[in-house]
Amino acid sequence: DYNEAFNYYTKAIDTCPNNASYYGNRAATLMMLGRFREALEDAQQSVRLDDSFVRGHLREGKCHLSLGNAMAASRCFQRVLELDHKNTQAQQELKNATTVLEYEKIAEVDFEKRDFRKVVFCMDRALEFAPACHRFKILKAECLALLGRYPEAQSVASCGLYPAAMSETRLELLCLRTLFWQNKVLGPPDLILPRFVSFQNAKALKAKKEDGNKAFKKGNYKLAYELYTEALGIDPNNIKTNAKLYCNRGTVNSKLRKLEEAIDDCTNAVKLDDTYIKAYLRRAQCYMDTEQYEDAVRDYEKVYQTEKTKEHKQLLKNAQVELKKSKRKDYYKILGVNKNASEDEIKKAYRKRALMHHPDRHSGASAEVQKEEEKKFKEVGEAFTILSDPKKKARYDSGQDLEEDGLNMGEFDPNNIFKAFFSGPGGFSFEASGPGNFFFQFG
């Protein structure tokens, strides 16, 4: 069960990121899954951590060879033989790499001679050792087309080449030759023409996306937005690329502080590709910025379930803390100050709000209004009690439950705070006229 093995090796790496054998084992697992480019990265990391790791060098060489880079593969197998000159596997793999290099050289010469049948033969032999090499497959498909063997050419070109080899210029050349070789339409138009159109769309899409990326890197977010939008209109069938474009445009919108638009773009991205971790992360951050913490927690949970890294775990934890904090009373909002308010600003805010909501000020109002103002007066006192005390403020800011720290706001008397705040030399007096005139004084 290679997928399950991959998940466990990933967890092991998260726990011990400097263990060469874990990367080597994950590389072997990825190779069994046919994911040679990812396997290559793990194998290279394993030998960076331990240059004497023989199996790591072997796996790196095998990945290079499978991807068609026989020269790099040879260097890896030679390194194994330096460490273990009797290693029979390295000896055999080195011969295989040499064989692939020879077939490549022969094919290059024969292509120039227009001996396309010989090139096909060489590529077939090379692909036995390099089954994941797109370059060899493309050359074989092109030569089959030039030989008039169009169904075979189309079969090879359609087998595992897209979208990884889409940027190859020879692939477009193959398509043109398949369509117009010797001024004939070669093959059923309903099969060939859509393929050609898709190549042309992919080429235009790639160019527009790259232009958008360049504009973004230069900080020209408005232009980047326009380019990504234009790209999204090119080929609605290119699901993976369009998912990336939506996510990129979402990033632009977040930079422009158009956070709801950014959320919409990321939502479109995950609708197209529900495994797109980057889009979930971008949307989650936008949810955090707009204080939609429940949605942020949901996205971070999705990310952490997929990739259980320390970073993702911390992001989820932060979102959960903010969600918990959001369900408490917002004492900063009650006082009308920001979270960086100074001690003096907090005192001034309390003075203003306490006088504004003091029950005596509203003694002539309806019972409903009096009850509401009394509630607000109490909340203002609570807010001042917490935010004026550095220790309580720190616990509140960190999301701790204040009642667990022995502070029961249910038994809180706001009048005590009011009296303590306004008592002192000269005292304080407050008069009001109109219905229910009143006067009170402290001091």
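Two helices are said to be in contact where heavy atoms lie within 4.5 Å, and helices here are DSSP runs of H or I with at least four residues, numbered from the N terminus. The model is predicted, so that local features need pLDDT of at least 70 and side-chain atom pairs count only at pLDDT 80 or more, while totals for chains, interfaces and linings use all residues. Residues are numbered from 1 along each chain as its sequence is written, and side-chain values use heavy atoms, with hydrogens and water left out.

Consider helix α3 (residues 36-49) and helix α4 (residues 54-66), whose axes are 8 Å apart and which pack at an angle of about 150°; axes are lines fitted to C-alpha atoms over the stretch in contact, and angles run from 0 to 180 degrees between N-to-C directions. α3 is therefore roughly antiparallel to α4, a term for angles over 145 degrees. On the α3 side, Phe 36, Ala 39, Leu 40, Ala 43, Gln 44, Ser 46 and Val 47 meet α4 residues, among them Gly 56, His 57 and Cys 63. By class, this contact of α3 with α4 has 6 nonpolar, 6 polar and 2 charged residues, where Ala, Val, Leu, Ile, Met, Phe, Trp, Tyr, Cys and Pro count as nonpolar, Asp, Glu, Lys and Arg as charged, and the others, Gly among them, as polar.

Helix α7 (residues 116-129) and helix α8 (residues 134-146) have axes that come within 9 Å and cross at roughly 155°, which makes α7 roughly antiparallel to α8. The contact involves residues including Phe 116 and Met 123 of α7 and Phe 136 and Leu 139 of α8, and its residues divide into 11 nonpolar, no polar and 3 charged.

How values were computed. Angles under 35 degrees count as roughly parallel, over 145 as roughly antiparallel, 65 to 115 as roughly perpendicular and the rest as oblique.
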